[in-house]
Each structure stands twice: as C-alpha cells, then as structure tokens.
Amino acid sequence: MSAIQTTVVLAMTADGKISAVDPKAPRDSDAADQAHVEYQVSLADLVLVGAGTIRAEGVTFTIRNPELLAARKVRGQPPQPITCVVSGSLDLSLDLPFLSQDIERWIFTTRTGLERNSDATSLQKLAELIDLGDTDLDWDRAYTLMAERGIQKVVALGGGSLTASLVQAGRIDDWWLTIWPVIYGGKHAPSPVEGEGFVPNAAPHLQLVETRQVGSELFLHYCTLN
C-alpha cells in the first residue's frame with residue numbers, strides 16, 4: 001500500500017449493478033446517498049473517475065454543503081478536490097461539461113492515447129494530461145506523482161474498469177459500498193469491479209468495519225486485508 005489513502009466510494013443495486021444496461025438512463029435522486037458521497041468526497045485531495053463514468057454523467061461530483069466547504073478551508077484544502085479522469089485511450093469529447101467546471105482537472109492517459117487523439121492539444125488547454133505509460137497505465141508512476149504533489153487522500157468513484165485496475169494494482173485501502181434496495185438485472189449491466197476477475201484463492205479479501213442503515217439503504221464500510 002501507498003502512504004496515500006485510497007477509498008472507493010460506490011453505490012450498487014441489491015443484485016450488484018452500478019448502473020442499468022443503459023448507463024445514461026435517468027434515475028431518481030437519492031438524498032441519503034448523495035449526502036454520503038458528498039461527505040466522502042469532501043475529505044479528498046483528489047477524486048479518480050473513469051472515462052466511461054464521466055462520459056455518462058457529463059460532470060464530476062462537486063461539494064456544495066457549506067459546512068463541508070468550511071471544513072475543507074479549515075484543513076487548508078481548496079474548495080473542490082482535483083478531479084482526475086482515467087482514460088488510457090483519451091476518448092474524451094471537447095464538449096463535455098466537465099471540461100468547463102470550476103475545478104482543477106487532470107487526465108491520466110497513455111502515450112498511445114496522446115498520439116492517436118487529434119484533440120490532445122486542445123484538451124491540454126482544459127486539463128493537465130499526464131502520460132503514465134506507452135499503452136497501459138502505470139499506477140506506481142501515478143502514485144509517485146501524486147505523492148510528489150502533496151496528495152494524501154484519494155477517493156475513487158468508479159466505474160468498474162477503474163476500480164478493477166486499482167484492485168489489481170493493490171492500491172485500495174478501504175471501500176464504502178451503498179446498497180440500493182432495487183434490482184436492475186441485465187448480464188451486460190456494469191458491476192463495481194470489472195476487468196478479468198479473480199479466482200477464489202487469489203481474490204482480495206475485505207473486513208467489515210462499519211455498517212449504517214438509512215431507510216432501506218445500507219452503507220457498508222470495508223477495509224482491504226493485506
């Protein structure tokens with residue numbers, strides 16, 4: 001593990017889906033889960049978001065609660081954490097609303113993504129593009145860079161591919177999973193951790209350290225066992 005604390009914050013249905021088959025399908029707002037995510041994000045120096053998530057949602061999560069903003073000021077943090085989109089292919093449109101939000105933006109990408117994207121020069125004016133390898137993202141390099149820039153707390157908001165790569169790299173310290181009381185189904189609907197998966201005797205193990213219930217929702221806090 002790194003000296004940087006990395007927490008995954010995800011919500012999923014009771015059948016383990018983080019979105020419906022159509023990730024852009026509208027979903028009713030959930031006040032309890034939104035407040036929970038806002039609090040967790042308020043603790044972060046940097047938020048990691050997968051490219052698929054930012055393409056689906058258009059914008060990154062921002063803190064609005066005055067008390068949380070005041071707490072960040074007391075801790076010497078800027079109003080909003082850095083948002084870092086993870087996109088090895090750099091497949092991001094210049095018209096994404098995310099690129100005009102009033103936040104500091106990074107994009108973790110690859111040399112191949114930079115070379116193949118004709119908009120890379122324009123993107124560089126809107127976000128800091130950080131090359132982390134020829135074709136694959138090097139998370140050791142990413143964490144070294146973040147440490148050099150004073151990042152101490154990272155919150156990863158998914159999606160499944162990003163979470164899988166962080167699991168594979170052994171970078172996740174703890175998890176906050178919200179369980180929505182609903183069933184989405186669908187064999188192609190995304191799950192919290194995608195990638196190639198693990199066989200049982202090599203699967204990462206977790207320890208439950210806290211549970212909370214709000215109505216029919218569950219908030220589960222796990223730490224990753226070494």
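1. Terms and basis. A residue is called buried when its relative accessible area is under 20%, exposed when it is over 50%, and partly exposed in between, with a 1.4 Å probe and protein chains only. The model is predicted: local features need pLDDT of at least 70, side-chain atom pairs count only at pLDDT 80 or more, and totals for chains, interfaces and linings use all residues. Residues are numbered from 1 along each chain as its sequence is written, and side-chain values use heavy atoms, with hydrogens and water left out.

2. Aromatic pairs. Rings of Phe, Tyr and Trp (for Trp, the six-membered ring) are paired if their centres lie within 6.5 Å; planes under 30 degrees apart are stacked, over 60 edge-to-face, and the rest tilted. The count on this basis is four aromatic pairs. In one of them, the ring centres of Phe108 and Trp139 are 6.1 Å apart and the planes stand at 75°, so the arrangement is edge-to-face. Phe108 belongs to strand 4 (residues 105-109) and Trp139 to helix 6 (residues 139-148), so the pair ties together parts 31 residues apart in sequence. Helices (H or I, at least four residues) and strands (E, at least two) are DSSP runs numbered from the N terminus. Trp139 is buried, with a relative accessible area of 8%, and Phe108 is buried at 0%. Together with Trp106 and Tyr143, these two residues form one aromatic cluster.

3. Nonpolar cores. A nonpolar core is here a set of buried Ala, Val, Leu, Ile, Met, Phe, Trp, Tyr and Cys residues joined through side-chain atoms within 4.5 Å. The largest has 31 residues, and those with the most contacts inside it are Leu46, Leu48, Trp106, Phe108, Trp139 and Met146. Helix 6 gives the most to this core, with five residues. A second, separate core of 26 residues includes Val49, Ile54, Leu68 and Ile107. In soluble globular proteins, nonpolar side chains tend to be buried together.

4. Surroundings of Trp106. Contact means heavy atoms within 4.5 Å. Setting aside neighbours within four places in sequence, the contacts of Trp106 include Leu46, Ile82, Cys84, Val85, Ile130, Leu145, Met146 and Ile151. Glu128 and Arg149 are also among them.

5. Charges over rings. A charge sits over a ring if NZ of Lys or CZ of Arg is within 6 Å of the ring centre and within 35 degrees of the ring normal. The charged end of Arg171 is placed over the ring of Tyr143, 4.4 Å from its centre. Arg105 lies over the face of Phe98, at 5.8 Å from the ring centre.

6. Thr6. Thr6 is found in strand 1 (residues 5-13) and is buried, at 0% relative accessibility. Its side chain makes a polar contact of 2.7 Å with that of Tyr143. A polar contact is a pair of N or O atoms within 3.5 Å; within protein, one must be able to donate a hydrogen and the other to accept it, and residues adjacent in sequence count only if both atoms are side-chain atoms. Not counting residues up to four places away in sequence, Thr6 also touches Val154, Arg171, Ile172, Asp173 and Asp174.

7. Backbone points to inspect. A cis peptide bond joins Gly158 and Gly159, with omega about 10°; Gly159 is in the loop between strand 6 (153-156) and helix 7 (160-168). Both glycines are in contact with Thr53, a residue of helix 2 (residues 51-57). Leu90 is not a glycine, yet has a positive phi of about 60°; Leu90 is in the loop between strand 3 (82-86) and strand 4 and is buried at 0%.

8. Helix 3. Asn65 caps the N-terminal end of helix 3 (residues 66-74), with a side-chain oxygen 2.8 Å from the backbone nitrogen of Glu67. After the helix comes Gly76, whose phi is positive, near 80°.

9. Ala44. Ala44 lies in the loop between helix 1 (31-42) and strand 2 (46-50) and is buried, with a relative accessible area of 0%. Ala44 and Val155 are 111 residues apart in sequence, while their C-alpha atoms are 5.9 Å apart in space.

10. Cysteines. A disulfide is a pair of cysteine sulfur atoms within 2.5 Å, and a search of the whole structure finds zero. Cys84 is buried at 0% relative accessible area, whereas Cys223 is partly exposed at 23%.
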